[in-house]
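The tour moves from one stop to the next.

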Amino acid sequence: MSVNITFLVITGVLLATGFYLVLERTLTRVLLGIMLLGNGVNLLILSSGGRKGAAPLFRPDLPADQYSDPLPQALILTAIVITFAVTAFLLAMIYRSWTLTSADVLADDTEDIKVSQSTAYDEEEDSPVAEDTTEFVDEEGRPIREGEE
C-alpha cells in the first residue's frame, strides 16, 4: 500500500491551520479551526484506508483483496456528523455570546489572571510541620501521646 503524498501534505496543512485557529481568542476563528480539524482528520482517515477498490458488495468472481475497506468510509461518515453537530453547537454559542456582549473576542477573566500570576507555594500547606501536632493536652498543658492516659 502506498499513500498519496498530496493527501498527507494537505492533511498536515489542514491540521496545522486548524490547531492555530483553535488557539485564537476569537470565537469565529475557533469555529473555523474546529471545522478544519474535522476535515483534516477525515482526509487522514481516507488516506489511511488503503487503495481504491471495488464496492464492498459480495461478488463470487472477485477476489477478497480487490474490495475497498468499508471501515474508513463509515468512520468518515460518523466524523462528518459529529463535526456538523459540534459546528452547530459552536454557532449557537457564538450567537449567544454576540447577543449578550456584542463582541466575538473572549476577554481575559480577572480570576484566571490572578491564578496564573500567583505562586504555587502556600505558606500554610507547604511550611514544615513540627514533630508533635496533636491538639489533645492533659490538665497541665502537655500533649497526650498514644498509649498514655
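Select Arg29. At 41% relative accessibility, Arg29 counts as partly exposed, a class between buried (under 20% relative accessible area) and exposed (over 50%), with a 1.4 Å probe and protein chains only.

A note before the next stop. This is a predicted model, in which local features need pLDDT of at least 70, side-chain atom pairs count only at pLDDT 80 or more, and totals for chains, interfaces and linings use all residues. Residues are numbered from 1 along each chain as its sequence is written, and side-chain values use heavy atoms, with hydrogens and water left out.

How many salt bridges does a search of the whole structure find? The search gives 2. For another, select Glu111 and Lys114, where the closest N and O atoms are 3.7 Å apart. Both sit in helix α4 (residues 110-117); because they are 3 residues apart, about one helical turn separates them. Helices here are DSSP runs (H or I, at least four residues), strands are E runs of at least two, and numbering starts at the N terminus. Glu111 is partly exposed at 45%, while Lys114 is exposed at 53%.

Next, select Val3, Ile5, Leu8, Val9, Val13 and Leu44. Together they make a nonpolar surface patch of about 500 Å². Patch members have over 30% relative accessible area and no salt bridge; nonpolar side chains (Val, Leu, Ile, Met, Phe, Trp, Tyr) are joined within 5 Å, like charges within 9 Å. Areas come from the Shrake-Rupley method with a 1.4 Å probe, and for residues only the protein chains shown count as cover. Helix α1 (residues 5-22) gives the largest share, 4 residues. Leu8 is found in that helix, and it is partly exposed at 36%.

Residues 30-50 are 90% helix and 0% strand, with end C-alpha atoms 32 Å apart. Residues 70-92 are 100% helix and 0% strand, and their end C-alpha atoms lie 34 Å apart.

Technical notes:
A salt bridge is a side-chain nitrogen of Lys or Arg within 4 Å of a carboxyl oxygen of Asp or Glu.
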